[in-house]
Amino acid sequence: MNEIPRISVTIITYNQEDVIHRVLDSVLSQGEGLYEICVNDDCSTDHTWDVLQEYAAKYPGIVKPVRNAHNLGIFQNNEAVWSRPEGDLVFDIAGDDECAEGFFERVIDYIRRNNIDWKNELFCIYGDYKMINADGRSVVYRQNLVNHHNALKLKTRKLLSTRSACFSRKVLEKFEKVSDGRSYNAEMVQDCQLQLFSERNYYIPVVGSIYYAQIGISSRMSEEEMKENVVGAYNRYISFLADHGKPLDKKDLAFIEYMEAYRRHDVRNMLRNYFRSIDLSLGLEGLQWRRIAFVLRSKLFKKL
C-alpha cells in the first residue's frame with residue numbers, strides 16, 4: 001500500500017564544471033522517490049568529471065557517473081544513457097538546467113491520488129517549465145494543453161516539451177536509436193519519441209524544471225548552421241512520424257514551413273504559413289502568443 005515508484009534521473013554532460021553542481025544539487029534535494037542519478041560525461045576536457053567523482057563519493061549508490069570511452073556528441077550520448085535507468089520512472093534533465101523544488105513529491109502525490117498503474121502503464125506526467133535567458137529575463141511555459149490535445153501535434157508546434165516530463169521506464173524501453181553521428185537532424189526525432197510511445201499523458205500545474213537558455217551548444221552556432229540543422233531536423237521528423245503511422249496534417253506541415261521561413265528570415269512566407277497553420281481547435285494558446293510576445297520583448301530589450 002505504501003510502495004512508491006523509484007525515479008531514475010538521466011543527465012548528459014560535457015564541459016559543464018561551472019553548472020553541473022546546480023542540477024545535481026537540485027535533483028538530490030528532491031527527497032521522496034529519487035532512486036538514482038545516471039550521468040554520462042562525454043569526455044569533458046575541463047573538471048566536470050572531477051566534480052562528478054566528488055558527488056559519487058558523497059552519495060554512493062545514488063550519483064552514478066560514467067565517462068564515455070571517447071567523445072560521442074550530444075545525440076549518441078543521449079542514446080548511451082537511455083540504457084542505464086533501473087527505476088520505475090525516468091526524469092531527463094540537461095546538465096546545465098535545474099530541477100524545481102519539490103517536483104518529484106508532486107509527481108508521486110499525483111500518481112497516488114489518481115491511482116496510476118505506474119508498474120505497467122506507458123505514461124508521462126508533464127509539469128510546466130521556466131525558461132531564463134542569459135539576460136535574466138524569464139517566462140513560464142504551461143503544458144496544460146496535453147490534457148485535451150494530441151501530444152505529437154503539440155510537440156510539433158512547440159506547445160509541449162520533454163522538459164519537466166516524468167515518464168515510465170516502459171516508455172523509455174521503446175525508444176529507438178536514431179542518431180546520425182553528430183548531425184543535428186536527429187534532435188527532433190529523439191525528442192518526439194516520448195510523445196510517440198506514451199499511451200497516456202497527465203499534467204501537473206507546477207514548474208518541474210528550469211531551462212537556462214542561450215548557454216548551450218546551439219547558442220554558439222552560426223545562422224547558416226542553424227538554418228541547415230532546422231531544415232534537416234524537420235525533414236527527418238516528418239518522415240519518422242509517417243513511418244510510424246503518425247503523418248502530420250496540413251496545418252502542422254504549414255507550421256513547420258513557418259518555422260523554416262522564420263530561420264531564413266523570410267518574413268513573407270513566415271506570415272503566410274503562420275496563418276495557414278492556425279488550428280482553432282487548440283484555442284488561443286495554440287496561437288503561440290506567449291512565446292511570440294516573449295521573443296519580441298527580448299529582442300526589444302536587447303536593442304534598448
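**Pockets, a cavity and helix packing**

The second largest pocket is lined by V146, H149, N150, A151, L152, Q195, L196, S198, E199, R200, N201 and K246. This lining, like everything that follows, is described from a predicted model. Three elements, α5 (151-156), α7 (187-197) and β9 (200-212), each give at least two residues to its lining. Sorted by class, the lining of the second largest pocket holds five polar, four nonpolar and three charged residues.

Rolling a probe the size of a water molecule over the atoms shows where empty space is left. When the whole structure is searched, one cavity of 30 Å³ or more is found. The volume of the largest cavity is about 40 Å³. Around the largest cavity lie R157, F255, Y274, S277, I278, G286, L287 and Q288. Four of the residues in this lining are nonpolar, three are polar and one is charged.

Some of these cavity residues turn up again in a helix pair. F255, Y274 and S277, which are among the residues lining the largest cavity, also take part in the contact between α9 and α10. The axes of helix α9 (residues 250-264) and helix α10 (residues 267-277) come within 8 Å and cross at roughly 160 degrees. α9 is therefore roughly antiparallel to α10, since angles over 145 degrees are counted that way. The crossing of this pair, α9 and α10, is left-handed. On the α9 side the contact involves K251, A254, F255, E257, Y258, A261 and Y262, which meet N269, M270, N273, Y274, R276 and S277 of α10. The contact of α9 with α10 comprises seven nonpolar, three polar and three charged residues.

α3 crosses α7 in a left-handed sense. From α3, the residues F75, N78, E79 and W82 make the contact, together with E187, Q190 and Q193 from α7. By class, the contact of α3 with α7 is made up of three polar, two nonpolar and two charged residues.

The remaining pair to be described is α1 with α2. Helix α1 (residues 20-28) packs with helix α2 (residues 48-58) at an angle of about 20 degrees, and 10 Å separates their axes. The two helices, α1 and α2, are therefore roughly parallel to each other. Their crossing, that of α1 and α2, is right-handed. I20, H21, L24, D25 and L28 of α1 make this contact with V51, L52 and Y55 of α2. Six residues of the contact of α1 with α2 are nonpolar, one is polar and one is charged.

Terms used: Residues are numbered from 1 along each chain as its sequence is written. This is a predicted model: local features need pLDDT of at least 70, side-chain atom pairs count only at pLDDT 80 or more; totals for chains, interfaces and linings use all residues. Side-chain values use heavy atoms; hydrogens and water are left out. Axes are lines fitted to C-alpha atoms, for helices over the stretch in contact, and angles run from 0 to 180 degrees between N-to-C directions. Helices (H or I, at least four residues) and strands (E, at least two) are DSSP runs, numbered from the N terminus. Angles under 35 degrees count as roughly parallel, over 145 as roughly antiparallel, 65 to 115 as roughly perpendicular and the rest as oblique. A crossing is left-handed if the near helix is turned anticlockwise from the far one by less than a right angle, and right-handed if clockwise. Contact means heavy atoms within 4.5 Å. Ala, Val, Leu, Ile, Met, Phe, Trp, Tyr, Cys and Pro count as nonpolar, Asp, Glu, Lys and Arg as charged, and the others, Gly among them, as polar. On a 1 Å grid over the protein atoms alone, a cavity is a set of points where a 1.4 Å probe fits but cannot get out, and a pocket is an open set with protein on both sides within 12 Å along at least five of seven lines; lining residues have an atom within 4 Å of a point. Grid points are joined across faces, edges and corners, and a volume is the space filled by probe spheres set on the points.
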